[in-house]
2 protein chains.
Amino acid sequence: MKIGFIGIGVMGESMARHLLEGGHALTVYNRTRQKAERLLAQGAAWADGPGACARNQDAVFTIVGFPKDVEQVYLGPEGILENARPGALIVDMTTTSPRLWQNIAAQARQRGLRPLDAPVSGGDSGARNATLSIMVGGDEADFQACLPLFELMGRNVTHTGGPGSGQHTKMANQIAVAGTVASVAEAVRYGEACGLDAGRMLACISAGAAGSWQMSNNGPKMVSGDYAPGFYIKHFIKDMLIAVEEAQGHGAELAVLKTVLGMYEDLQQKGQGDLGTQALIEHYR
Amino acid sequence: MKIGFIGIGVMGESMARHLLEGGHALTVYNRTRQKAERLLAQGAAWADGPGACARNQDAVFTIVGFPKDVEQVYLGPEGILENARPGALIVDMTTTSPRLWQNIAAQARQRGLRPLDAPVSGGDSGARNATLSIMVGGDEADFQACLPLFELMGRNVTHTGGPGSGQHTKMANQIAVAGTVASVAEAVRYGEACGLDAGRMLACISAGAAGSWQMSNNGPKMVSGDYAPGFYIKHFIKDMLIAVEEAQGHGAELAVLKTVLGMYEDLQQKGQGDLGTQALIEHYR
C-alpha cells in the first residue's frame, strides 16, 4: 500500500520503519526533517508538509505530540483532511483528546475518509520491537482494512468500539496507571519511613494482591533512585489533563487521579518534567 | 512440637489444621468454641483460655481480629505472656499494629519468650491451600526455628527484619492495594461513563503498564457487580487505619491512602462493610 506517516519521533520512527520493512511505499513528514534521515536512507520518500504527505495515499498515520498538534495536522491549512483522497484510512496514533478526535472523525467521514483512532501503549521498546498494544476506535470494516498494518507495529490490537473509543481506552489505561504508580510510591515511602529494606519489602509483596506492573518495573527504580525516563512525567501530565477533562465532561469524579495529577504538576514546576514517572517517589520524600 | 493455636476463624482453622496434619500436638482456644469442633474431632485438644492454651507449649500462634484482641490475648489477665514457658516461640499472625507488637515483643523478650510477628496475605484460599505469603519480623534464630511450621502453612515465607517488620511489610502491602484497587475502580468508572464496554476495556489494558492483580481479579467483579467478599471492606478499613496512624507516626504523608480510606469509610457508614473490597466501584457510581 501507499502510506503517509507524520511524526517521526522516537516512537514514530520505529513504527514507520516496520511499515517500510513490511514492503509498503512510505512517505514521511516531520517538523524536524533531520529525525527522518535514517528512514529516508532506507528508501522512504519525503513530503514537505502534512497535506503533501497525505495526498494520494491509501493510508495516513500520525503520531505527534499534543492535542493542538493533532488539530493542526488534520484540520489546519495544508492539513490531512483537505488533502487525503476519499477512501483513504486516516489513523491517529497519538494519545490525544477523545472529543477532539470525534470532531475530526466526523469531518473526515463527511469527506469520504475512513478515520481510526489508535493510541498505543508499550513505549519506546514496544515500538522498536513491534510489541505495542494498539487500541483502535472506528468502524469495524475500517479496522479490518487497517489490521494488517497495525500487526506490523504491535501485538495486541483491539477494536474497542466507535470513533474515540481507542482514545477513551487509552485514557482508562492512564487512569489505572496513575493510581497504581502512586500506590507503589506510597508503599515504598512507608517502608523507608518505618526502617524496612524497601527492596526486600517490594520483592515480598509483589507476588500477591498488591502486585502490579508498576510495582515490578517502577518500584525497584524508586528504591534505587533511578529516574531515567521510560515514560516522561511531562507526557503523563498531558494524558492525565485530558483524562480529567473527559471524566468531568462525562460526570465521573475521579479523586485519586486528580490527587496524583497534582503531585506530578508539583514535580514539573520543580523542573522534573523530563524525569520518568517513577520519580513520583520524590514527591513523598 | 507442642503447639497452642488461638483464633479459630475462617483462616485460623485452616492454618491450625495444617500444623495438626503436619504431625504436631495441637491445643486450640477460640472465643466461640463451636468454631473449633472440626479440629477437636481431628484430634486437637481444647484449652479454656489464651493462658491455658499457651502453657507448656513449644510454640504459640495467634490470629485474632483487632489490635485490642491481640493486646488482650497477649497482655491481659490469663494472657499468653504470663503463661507461656520461657523459650517458647510466640507468633502473632493477625494483621495488627506494628507499634503494639513491638511493645508486646519487648515484654516477651524480658520473660525469655521468642516473639515473631508473622502476618499473612493470600486470604481464605491461601490458608486452605497452604499457599499463604508470610512476612516475618523478629530474631533470625527464632525465624529459623519457626520456619518448618510456617512452611506447613504457606509458600512464600520471608524474614523481613526485626520485631514489627512483618507488620510493617503487611502495612506496605495494604497501602499498595489501596491505591491500586481505587485506580481500577476509577478506570472502570471512566470507561462506563464514556460508553466503553468496560470488560473489554479491562481485557485490553490488563496486559500492559496498567496491569495489576487487582485489575485482573477485582476489575471484572466491579464490572459485573459481584461484591462477594474475598476480602471484607470492614477488615480493610481496620488495616488502613493502622497504616495511616503508623505512617503519620513516622512522618510519611500518604494522600492516596487517606483518600481511599475515606471512600471505604463512607461505604461502611452506608452498611456495606461486609462486602468485598471491589465494591469500591459503588463509591464512584
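Leaving aside neighbours within four places in sequence, which residues is Leu280(A) in contact with? In this predicted model, the list runs to Val181(A), Ala182(A) and Ala185(A), plus Met263(A), Tyr264(A) and Leu267(A).

As a bit of background, nonpolar side chains in soluble globular proteins tend to be buried together.

Now for the place where the chains meet. Chain A puts 53 residues into the contact, and chain B puts in 53 residues as well. Between them they bury about 4200 Å², with 67% of that on carbon and sulfur atoms. On the chain B side, Glu186(B), Tyr190(B) and Val256(B) supply 16% of the area that chain B buries against chain A, more than any other three residues.

What about polar links across the interface? The rule finds 0 salt bridges between chain B and chain A, but there are 20 residue pairs in polar contact, counting pairs with both residues at pLDDT 80 or more.

If you want to trace the chain B side by its elements, β9 (154–161), α9 (165–193), α10 (198–205), α11 (213–224), α12 (233–249) and α13 (255–269) each supply at least two residues of the side that touches chain A. The largest share, 18 residues, comes from α9(B). Sorted by type, the residues on this side of chain B come out as 30 nonpolar, 18 polar and 5 charged.

Notes
Residues numbered from 1 in each chain as written. Chains lettered and ligands numbered in written order. Predicted model: local features only at pLDDT ≥ 70, side-chain atom pairs only at ≥ 80, totals over all residues. Heavy atoms only, no water. Contact = heavy atoms within 4.5 Å. Buried area = accessible area lost by both parts, 1.4 Å probe. Salt bridge = Lys/Arg side-chain N within 4 Å of Asp/Glu carboxyl O. Polar contact = N/O pair within 3.5 Å; in protein donor to acceptor, adjacent residues only side chain to side chain. Helix = DSSP H or I, 4+ residues; strand = E, 2+ residues; numbered from the N terminus. Nonpolar A, V, L, I, M, F, W, Y, C, P; charged D, E, K, R; others polar.
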